Amino acid sequence: MQTSVDTPRGLSGRRRAWHWAVRAAMYLSAGATCALALGLIGYILWRGVPGLSWEFLTTQESILKGTDGILPAIQNTLYVILVTLVIVLPLGVGAAVYLTEYATNRRLTGAIEFATETLAGIPSILYALVGMLVFCQFCDLGTTLLAGSLTLVIMTLPTIIRTTQESLKAVPAGYREGAAGLGAGRWHMIRTIVLPCALDGIVTGCILAVGRIVGESAVLIFTAGMSTSMQNFFGSGGLVKSSGATLTVALYVYAKERYKYDNAFSVAVVLLALTLLINLAAGAAGKRAKREEER
Amino acid sequence: MNRVFYDGELARLDELVQRMGAQVLAALDGAVAAGSDPDRELADRVIAGDTEIDRMEREIEQLCVTLLLRQQPVAGDLRRVSTSLKLVTDLERIGDHAADIAEIVRTLNAPLAAPLAEMLGIARAMVESALRAAADQNLEGAHATIQRDDEVDGAFCRLKDGFIRQVAAGSGDADAILDGLMIGKYAERIGDHAVNICEWVICRGTGLYHDLRIM
Amino acid sequence: MNPTILEAKDLDLYYGQTQALKKVNIQIPEREITALIGPSGCGKSTFLRTIDRMNDLVAGVRVEGEMLYRGENVYAPGVDVTWLRRKIGMVFQKANPFPMSIYDNIAYGPRIHGVRKKAELDALVEKSLRGAALWDEVRDRLKKSALGLSGGQQQRLCIARALAVQPDVLLMDESTSALDPGSTMRIEDLMTELKKEYTVVIVTHNMQQAARISDNCAFFLLGELVEYGSTEILFSHPADKRTEDYIAGRFG
């Protein structure tokens with residue numbers, strides 16, 4: 001016997017009408033969502049792609065040379081990503097390992113986990129304010145990419161801790177028992193079994209963090225500056241003192257301060273491509289993790 | 001209680017053994033009656049009845065093997081099933097001997113001699129008390145039954161001596177003497193099988209067979 | 001009965017407020033298979049885990065009394081747990097090969113205990129796999145992931161991994177409960193082979209398995225050791241009514 005979802009013959013007239021109404025509403029919302037996303041992307045591409053060129057990606061703004069590129073912004077973005085990850089990874093992974101593997105006080109770890117979860121939900125402008133006061137002024141780093149990265153470290157720390165903790169908890173208890181049963185000490189077990197198993201989760205956390213870094217503007221406007229020139233990068237203070245705008249900030253600068261909307265849209269296309277790339281990478285990492293489990 | 005079906009099957013096993021025991025006792029009674037008051041037809045019925053006893057034995061054996069296979073009995077259950085499996089063999093032998101006696105009796109013209117009838121009576125009483133001990137798991141009753149085997153053995157010796165004297169004196173009919181000796185021997189064997197049954201009853205209770213721990 | 005290798009003396013174990021083992025006294029002989037049976041939660045697994053102190057991993061566990069291994073109390077202060085677990089190996093209910101190659105799985109234990117030379121490791125890996133009757137099946141794929149083996153093979157791999165540290169005693173916690181009859185039989189055969197060299201202590205819910213392979217059998221109920229003795233006697237003529245009721249399936 002075949003039952004059809006499309007034609008609910010057994011239903012009364014009223015219920016059938018309700019059935020169709022709900023279906024129509026669902027199709028409508030799904031269609032609206034798709035149209036919105038596609039429209040947005042299409043508009044950005046339509047406005048941004050014409051301005052894209054090899055020159056745009058590889059030069060900096062120069063009135064003398066007549067170039068108008070975003071190389072400094074790309075450089076700043078990579079710098080921020082790198083510095084943030086280098087600091088946040090050992091910190092976050094270490095904290096997660098401590099919380100899941102060593103800490104014995106359930107109530108304390110519960111409180112810390114609650115705190116990290118709360119931190120993850122705080123609006124970034126608050127991080128920006130704190131970063132500016134603590135790193136730029138109190139620590140006297142000034143408005144630099146380093147201060148920006150440090151602020152981003154605090155902002156992405158909860159993400160790294162959460163994802164690492166989740167993947168550590170997902171390591172089968174059997175592995176730990178097996179290692180302990182062979183006489184492995186706790187750190188040896190973590191180093192040889194637990195962390196390698198959790199690697200995929202940590203990578204996923206990294207990608208999520210990179211996503212947040214790339215998308216962040218408020219924090220960096222407050223702490224890392226808005227310069228779109230190369231000079232500040234290789235300036236007198238070296239890498240520690242360099243300041244400048246990342247791609248997202250550059251977009252803001254082009255749009256709100258210089259009214260170069262075409263440039264802003266081209267940056268938007270670059271950001272869109274970057275986001276897509278990060279999402280694909282996250283998806284691939286997730287898939288690999290799953291395959292690993294099923295194997 | 002986790003074992004409604006299993007316990008039911010075990011109860012059925014005991015019941016089948018008792019029913020077969022009753023059948024064997026009836027065969028024995030028939031053989032003795034056919035001898036005391038020569039009755040060829042009764043003797044024939046006893047002989048024919050032996051196939052039913054054999055069938056009952058096989059039914060019990062099959063039930064035991066099925067229980068071993070399906071329930072893998074342990075402890076008291078294991079002893080119950082495995083001793084039942086052994087016990088029915090002795091029971092079946094007793095049935096055979098009853099038929100054997102009936103075979104001889106149907107050729108006789110005179111009633112059985114008094115010592116023979118007495119011997120058969122003791123052997124029958126032993127079988128009956130062995131079966132009762134099995135039904136009640138009464139170890140004392142089983143021991144008491146085993147003690148009675150001496151009576152049968154003694155009676156057989158006296159019977160044999162009587163026949164020897166008859167032969168020595170040249171009196172008596174050779175056929176009758178041989179038949180009597182055969183029936184006496186069967187009665188003596190029936191006593192032995194009753195003892196065996198009692199030994200399995202004891203084994204079921206204690207795990208000991210001839211004082212040796214086998215279970 | 002062989003000389004005693006493991007002996008519990010008035011062993012009590014508490015999980016916080018609840019007492020999981022009550023004054024357990026038992027002597028486990030060398031190079032024999034001893035089975036621990038009893039209903040779920042009776043303490044048999046807990047007892048097994050007190051032998052190599054795997055209970056240390058559980059928070060809130062307190063042990064009183066003594067667990068003697070070759071006359072030494074494993075709960076005495078200063079006992080090196082790494083050394084203890086090298087001497088007393090454990091195989092778990094669910095096969096738990098590490099997500100690495102077959103070779104690295106076997107070499108994991110020896111590496112903890114300081115074996116570094118490749119030749120030495122190679123020899124140990126082969127010997128252990130042969131000991132667990134797995135060598136012929138995996139000799140050509142030692143570098144492949146251990147997770148690609150079948151369930152029964154994985155469990156034998158775990159046995160091989162435990163053997164690689166050259167233990168004295170092998171503890172097996174329901175190690176065949178997740179396997180099909182064929183794999184179970186192979187591991188049971190392996191156990192009877194292993195008892196020539198090792199002392200084997202198993203926990204099992206499978207009464208037939210305990211009856212088939214163990215030399216001695218201990219019945220636990222509510223944290224108490226109710227009855228302990230030769231398997232043949234325990235399964236044909238148990239002394240305690242509770243033992244009989246349990247093994248005959250009247251409760252539990």
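## Contact between chains B and C

In this predicted model, 11 residues of chain B and 13 residues of chain C form the contact between these chains, two residues being in contact if their C-beta atoms, placed from the backbone, lie within 7 Å. On the side of chain C that touches chain B, helix H8 (207-213), helix H9 (231-236) and helix H10 (241-247) of chain C each supply at least two residues; H8(C) gives the most, with three residues. Helices (H or I, at least four residues) and strands (E, at least two) are DSSP runs, numbered from the N terminus.

Seven nonpolar, four polar and two charged residues make up this side of chain C. Ala, Val, Leu, Ile, Met, Phe, Trp, Tyr, Cys and Pro count as nonpolar, Asp, Glu, Lys and Arg as charged, and the others, Gly among them, as polar.

## Other chain pairs

Of the two pairs of chains that touch, chains A and C have the most contacts between them. Chain A and chain B are joined by no contact, and their closest C-alpha atoms lie 33 Å apart.

## Architecture of chain B

Chain B contains seven helices and two strands, in the sequence order α-α-α-α-α-α-α-β-β. Along the principal axes, the C-alpha atoms of chain B fill a box of roughly 70 × 35 × 20 Å. Among contacts in chain B with a separation of 6 or more, 81% are between residues 24 or more positions apart.

## Basis of the model

Residues are numbered from 1 along each chain as its sequence is written, and chains are lettered from A in the order in which they are written. In this predicted model, local features need pLDDT of at least 70, side-chain atom pairs count only at pLDDT 80 or more, and totals for chains, interfaces and linings use all residues.
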